[in-house]
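Take a walk through this model, from its overall make-up to single residues. Keep the structure open as you read.

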Amino acid sequence: MKISSGNLLSLIFPAQCLGCETALGVGFHATDYESAVGSEQNDSLSLFDHHWCQSCWRLLTNDLAKPNCSKCGAFLSSASPLPNGCAHCHTRVFPFERAIALGNYTGLLQTLTLKAKNLKDESLTIQLANLLAFRLQEYSFCDELDLVVPVSTHWWTRLKRGFHAAEILGQIVSQRLEIPCGNSCLKSLKLAKKQGTLSANERYKNVRATFGVRKLSKVQGKKILVIDDVLTSGATASEVSKELLKAGASQVYVGVVARAVGDH
């Protein structure tokens with residue numbers, strides 16, 4: 001999916017904060033991100049470095065100072081004492097190696113993640129992907145990745161929305177990490193119910209046999225990064241990862257904008 005010229009101009013000359021839509025004077029700069037995550041980046045945000053007011057930027061990066069689960073990516077108030085994940089995931093066995101998120105699915109990040117599903121907010125989707133890529137660069141496994149694969153959606157859902165957020169997220173992350181993007185690798189085999197209306201166990205049943213791998217040669221022996229907007233129960237990410245591994249992928253990691261925790 002191509003980025004429209006209008007949205008490209010809004011990326012270069014943003015008039016409003018993408019978070020609260022107030023007029024922008026000077027937003028954050030790449031060094032502010034480096035300070036928030038506690039590490040230095042060799043890259044810079046270049047054209048993407050002035051899109052948030054200071055208040056929204058603080059809210060967006062608030063979780064980054066917290067410990068996060070090395071299994072499901074949830075941000076925690078304190079490091080988990082559990083040997084296998086955290087309180088949100090220790091009872092689950094995931095086929096992917098680990099998940100990385102920008103923050104927990106709450107507050108401003110929740111609002112922005114929901115907005116990013118809409119075509120008119122394509123600029124926002126791109127910026128969240130840009131920040132996710134910077135977050136992912138902190139992890140050494142990114143140096144060994146071969147392919148970025150966005151979670152696919154059913155053609156009917158795509159037709160109704162006219163937009164697929166995971167595909168845009170995947171494309172931008174792919175560009176930032178300089179790793180090929182396999183948009184056509186996954187296919188959605190059936191129209192599943194909306195996951196948000198179901199319990200955790202129902203979510204796993206709902207997505208069973210929903211995905212397939214279209215081009216086996218592209219994934220065989222590859223270390224793959226699956227990209228989606230939200231990880232809740234882990235059902236979708238698990239089903240996609242399972243299919244990729246079955247098709248011959250050597251390892252699968254997951255990158256999402258937000259990790260939903262709570263009663264899911």
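The protein's secondary structure comes to 10 helices and 6 strands. Helices (H or I, at least four residues) and strands (E, at least two) are DSSP runs, numbered from the N terminus. The model is predicted: local features need pLDDT of at least 70, side-chain atom pairs count only at pLDDT 80 or more, and totals for chains, interfaces and linings use all residues. Residues are numbered from 1 along each chain as its sequence is written, and side-chain values use heavy atoms, with hydrogens and water left out.

Of the 264 residues in the protein, 53% are buried. Buried means under 20% relative accessible area, exposed means over 50%, and partly exposed lies in between (1.4 Å probe, protein chains only). Contact means heavy atoms within 4.5 Å. Among contacts between residues at least 6 apart in sequence, 77% join residues at least 24 apart.

Start inside, with helix α5. Is α5 enclosed or open? It is largely enclosed by the rest of the structure, because 15 of its 15 residues are buried. The helix covers residues 122-136. The expected span of a helix is 1.5 Å times one less than its number of residues. For the 15 residues of α5 that gives 21 Å, and the end C-alpha atoms are 21 Å apart, which agrees.

A nonpolar core is a set of buried Ala, Val, Leu, Ile, Met, Phe, Trp, Tyr and Cys residues joined through side-chain atoms within 4.5 Å. The largest one has 39 residues, of which Trp52, Leu128, Leu136, Val173 and Leu225 touch the most other members. Two or more residues come from each of α3 (54-60), β1 (99-104), α4 (107-115), α5, α7 (165-177), β5 and β6. The largest share, 8 residues, comes from α5. Apart from this core lies another, of 34 residues, among them Leu64, Phe211, Leu231 and Val254. In soluble globular proteins, nonpolar side chains tend to be buried together.

How many cavities of 30 Å³ or more does a search of the whole structure find? It finds 2. On a 1 Å grid over the protein atoms alone, a cavity is a set of points where a 1.4 Å probe fits but cannot get out; lining residues have an atom within 4 Å of a point. Grid points are joined across faces, edges and corners, and a volume is the space filled by probe spheres set on the points. The second largest cavity holds about 30 Å³. Its lining is Thr113, Ala116, Thr125, Leu128, Ala165, Leu169, Asp229 and Val257. Helices α5 and α7 each supply at least two lining residues. By class, the lining has 5 nonpolar, 2 polar and 1 charged residues. Here Ala, Val, Leu, Ile, Met, Phe, Trp, Tyr, Cys and Pro count as nonpolar, Asp, Glu, Lys and Arg as charged, and the others, Gly among them, as polar.

Now turn to α10, residues 235-246. Its 12 residues should span 16 Å, and its end C-alpha atoms are 16 Å apart, which agrees. The helix is mostly covered, with 9 of its 12 residues buried. Among them are Glu239, Val240, Glu243 and Leu244. The cover includes β3 (186-188), α8 (200-206), β4 (211-213), α9 (216-219), β5 (223-231) and β6 (251-259). Leu245 belongs to α10 and is partly exposed, at 28% relative accessible area. Not counting residues up to four places away in sequence, Leu245 touches Pro95, Ser250, Gln251 and Val252. Pro95 is 150 residues away along the chain, yet the two C-alpha atoms are separated by 8.3 Å. After α10 comes Gly248, with a positive phi near 115°.

Ile224 lies in strand β5. It is buried, with a relative accessible area of 0%. Beyond four places in sequence, its contacts include Leu145, Val219, Leu244 and Tyr253.

Finally, look at two loops. Glu178 sits between α7 and β3, and Ala209 between α8 and β4. Glu178 is not a glycine, yet has a positive phi of about 60°. Ala209, also not a glycine, has a positive phi of about 60°. Glu178 is exposed, at 73% relative accessibility, whereas Ala209 is partly exposed, at 49%.

Terms used
1 Å grid on protein atoms, 1.4 Å probe; cavity = no way out; pocket = protein on both sides within 12 Å on 5 of 7 lines; lining within 4 Å.
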